[in-house]
Amino acid sequence: VLVGISSSGVHSNGFSLVRKVVSDAGLDLHTVYPELSADKKLGEVLLTPTRIYVKPILSLMKECKIHALAHITGGGFWENIPRVLPKGTKAVCESSSWEWPEVFQWLQKNGNIDTHEMYRTFNCGVGMVVALDAADAQKAVEILNNAGEKAWVIGSIAEAKDGEEQVNIN
């Protein structure tokens, strides 16, 4: 099973694309855009520091056997998750299992970015993916949520045919 842990925002993903969206849309980094934040300027929202997952992952490791971790950084879902998958497998993620934070919805709308490109470039609200046994999934979500994270089951690992994409997002 794949458990997602929420990101704190854009993290270090896709800042070339972020700059292009801001520039092409004629946006001001020093302006508050209410659809993103009631009190933070655009620049502050986009540069929210990357969440560090060490402490919650160490806590999780004490209680559950983790098979793999994928930090969703540059390259988004398509490049990061396959790095930790065994040969002949794929990740099957259910996009309705989490909600994209406003910043990603805003970037997609203002940049006219298709969904595939969003997942290729950004974390879309999932900063870390934990692969573990299905029997441990709910326990892992509870441990992470109790540690102050926002976590949820986002998918599973399935057999992949030769040449098939290693990440499917439904």
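Visitor: Is Arg 51 buried, exposed or partly exposed?
Guide: In this predicted model, Arg 51 is partly exposed, its relative accessible area being 26%.

Visitor: Which residue does Arg 51 meet in a salt bridge?
Guide: The partner is Glu 149, with 3.5 Å from N to O between the two side chains. The pair ties together parts that are 98 residues apart in sequence, because Arg 51 sits in the loop between helix H2 (42-46) and helix H3 (54-63), while Glu 149 belongs to the loop between helix H7 (137-146) and strand E5 (151-159).

Visitor: And Glu 149, buried or exposed?
Guide: Glu 149 is buried: its relative accessible area is 12%, and the cut-off for buried is under 20%.

Visitor: How many salt bridges does the structure hold?
Guide: There are four salt bridges. One of them joins Glu 63 to Lys 139, where the closest N and O atoms are 4.0 Å apart. That pair links distant parts of the chain, with Glu 63 in helix H3 and Lys 139 in helix H7, 76 residues apart.

Visitor: What is the accessibility of Glu 63, and of Lys 139?
Guide: Glu 63 is partly exposed, at a relative accessible area of 47%. Lys 139 also counts as partly exposed, with 38% relative accessibility.

Visitor: Turning to helix H6, what separates Arg 120 and Glu 117?
Guide: About one helical turn, because the two are three residues apart in helix H6 (residues 115-121).

Technical notes: Residues are numbered from 1 along each chain as its sequence is written. This is a predicted model: local features need pLDDT of at least 70, side-chain atom pairs count only at pLDDT 80 or more; totals for chains, interfaces and linings use all residues. Side-chain values use heavy atoms; hydrogens and water are left out. Helices (H or I, at least four residues) and strands (E, at least two) are DSSP runs, numbered from the N terminus. Buried means under 20% relative accessible area, exposed over 50%, partly exposed in between (1.4 Å probe, protein chains only).
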